[in-house]
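Here is a friendly tour for anyone meeting this structure for the first time. Take a moment to look it over, and then read on.

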2 protein chains.
Amino acid sequence: MISIRPFNRRSILAALFVGSFCGWPLPSLQAQTADPLPSWNEGSSKQAIVEFVARVTHQGGSDFVPPSLRIAVFDNDGTLWAEHPMYVQLAFALDRVNVMAPQHPEWKDKQPFKAALEGDIKTLAESGERGLGELILATHTGITSSAFEGIVTNWLATARHPQFNRPYTQLVYQPMLELLDYLRANDFKTFIASGGGIEFMRPWAEQVYGVPPEQVIGSSIKTKFEMRHGRPELFRLPEVNFIDDKSGKPVGIHEHIGRRPIAAFGNSDGDLEMLQWTTMGGGPSFGLIVHHTDAEREYAYDRNTPVGRLDKGLEAASMNKWTVVDMKKDWRVIFPAETR
Amino acid sequence: MISIRPFNRRSILAALFVGSFCGWPLPSLQAQTADPLPSWNEGSSKQAIVEFVARVTHQGGSDFVPPSLRIAVFDNDGTLWAEHPMYVQLAFALDRVNVMAPQHPEWKDKQPFKAALEGDIKTLAESGERGLGELILATHTGITSSAFEGIVTNWLATARHPQFNRPYTQLVYQPMLELLDYLRANDFKTFIASGGGIEFMRPWAEQVYGVPPEQVIGSSIKTKFEMRHGRPELFRLPEVNFIDDKSGKPVGIHEHIGRRPIAAFGNSDGDLEMLQWTTMGGGPSFGLIVHHTDAEREYAYDRNTPVGRLDKGLEAASMNKWTVVDMKKDWRVIFPAETR
């Protein structure tokens, strides 16, 4: 059975035009060797993080959590790197359509490929989840896992963000890189739990985030093992295996980790169930939502965007006492380049 | 859709009667503090292990492998613990049928439950994969993941092996425990990749093997996230999610780990593809098969058993230069109790 479903359930209607380029001011950074989170401004968000870590690492304290149970999960798109004006993986898929077009002459007359080739964003968006799912499956499968890894690696080395004109892997959030390091320095094991493709993230997550492949959880397509020409290969099949979004996130986390995290970091309604699973099971826990409020240095969006929509999550945050990061106010810098 | 498939594809025809009890001689153990593998007799198997580890950890050597790539995968049933006279998880399922029977009066007249309740092993075996799959799903699902964890933990605390009359978790192989420790001492990350249920192993694998839940890979059933009475829960559904056996093993390993292991340890044809995937990709690698040759201290079986059948694996071992452990000859002791 060939099942056509998109990796990401969110619609991209209008997504392709969200956001506007702005140069960013380079803040003057003081040497702050004692501060593990120098890109975080002093305030309630930073304070909540530091207090939680102090609480669960304080041996003998009532909220002490032994290191083996210090599991932290991070969404990727919009939480660790920029997701506007469109998910990076969608930009990858569109580029792949162009690269693969010579081998697929039928695409010239077949939607949604025709629209992708012609840059007809309106028609592309109208093709909806089904159309985008077809794009993803056509461009992400039919090859071995190791070949796909090479393609992703090469693409990321050359592709540039349409507005910031930088490699996508440089558009990761400096404060979140520091947070990952800070948690690991306190014996947390850090995992990514993303709606994005697991094999789209693994090739670079270790180098960029310090998260090894075995700690990356994401959406996946089915693979098949075969001996071919005397070599063992894993082939990527055009069939969705798992969608790691919304209520899928706790399922993916449980399947991969097998115990409940004590800290979860997200930015959209797709992270709601992950935050609930993490923080509502009893015991000390921490939930955090990155609220994109900085139209000048990055983007400002919440309820009215189809890419990384944050609506129910804001209400749940106030009800559950999750920390909501006000990007504009809480983050001294956004991207690593600003610290150089 | 409710899909009925067994966790383990192997038939148990005759499986329930395989093996015979034998007392074991207590070997006199010398103090061998310098030897990381004291339960391994000197010989080609031990030598192959030690030489491989020396090779990949020798900085500057041509076969050096950096620690982050030192991934080792272990089958469980028959490789780390005893699998005869029947898979431990099947014994668990049969006990569960009896415990759950009062809530299922219909089972008295419905196969394969009727046979399980009456101890009618012949009829049970004749129900085949489909029948055993029904048993597993009926006894392993319909509850939350955390409730299932509690049931497994309680069962293992009281259940005894029918012949050795010990808890199953004491019927793990001492030489393999030492091997796990030895690899970890050399910066290997050790994973379990078993045909058994992932949630059947996770509750005890850390304590017994030193392998944390996030490093256990296995067969799984589907789970569903739900908020119930204001609490987030994962419910186990009566539907198979993944069978981590035979050609499923490389798939499961790739899904969970995301890179190719450099060492694989198995004992049956169910491990063949895992060993191929690990050892035939180029680069330094190590494959090992535990051959059950010790009818006196444990069991002797290979080609003619339905439980842990080893046939193609023996041929592949000689072709691919995998190490074949002759349990009787290579292992000074079998179970931890013998070292006390």
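Predicted model: local features only at pLDDT ≥ 70, side-chain atom pairs only at ≥ 80, totals over all residues.

A few words on conventions: residues are numbered from 1 along each chain as its sequence is written, and chains are lettered from A in the order in which they are written. Local features need pLDDT of at least 70, side-chain atom pairs count only at pLDDT 80 or more, totals for chains, interfaces and linings use all residues, and side-chain values use heavy atoms, without hydrogens and water.

Now to the sheet. In chain B, 7 strands form an open sheet with mixed pairing, in the order β4-β3-β2-β1-β5-β6-β7. Strands here are DSSP runs of E with at least two residues, and helices are runs of H or I with at least four; two strands pair if DSSP finds at least two bridges between them. At the edges of the chain B sheet stand β4 (231-242) and β7 (323-326), each with a single partner strand, so one side of each has no neighbour in the sheet. On average, neighbouring strands are turned by 30° against each other, direction ignored.

Here are some of the strand pairings:

| Strands | Sense | Bridges |
|---|---|---|
| β1(A), residues 71-74, and β2(A) | parallel | 4 bridges |
| β2(A) and β3(A), residues 216-228 | parallel | 3 bridges |
| β2(B), residues 189-197, and β3(B), residues 216-228 | parallel | 3 bridges |

At the residue level, Ala72(A) has Thr190(A) in β2(A) as its bridge partner, while Ala193(A) stands opposite Ile217(A) in β3(A). In chain B, Ile192(B) faces Val216(B) in β3(B) as its opposite residue. Strand β2(A) (residues 189-197) is largely enclosed by the rest of the structure, because 9 of its 9 residues are buried, meaning under 20% relative accessible area with a 1.4 Å probe, protein chains only.

Finally, look at two helices of chain A. The axes of α2(A) (residues 88-100) and α5(A) (residues 128-140) come within 9 Å and cross at roughly 65°. Their contact (heavy atoms within 4.5 Å) includes Phe92(A) of α2(A) and Leu135(A) of α5(A).

Notes. Axes fitted to C-alpha atoms, helices over the stretch in contact; angles between N-to-C directions. Buried < 20%, exposed > 50% of the residue type's maximum accessible area, 1.4 Å probe, protein only.
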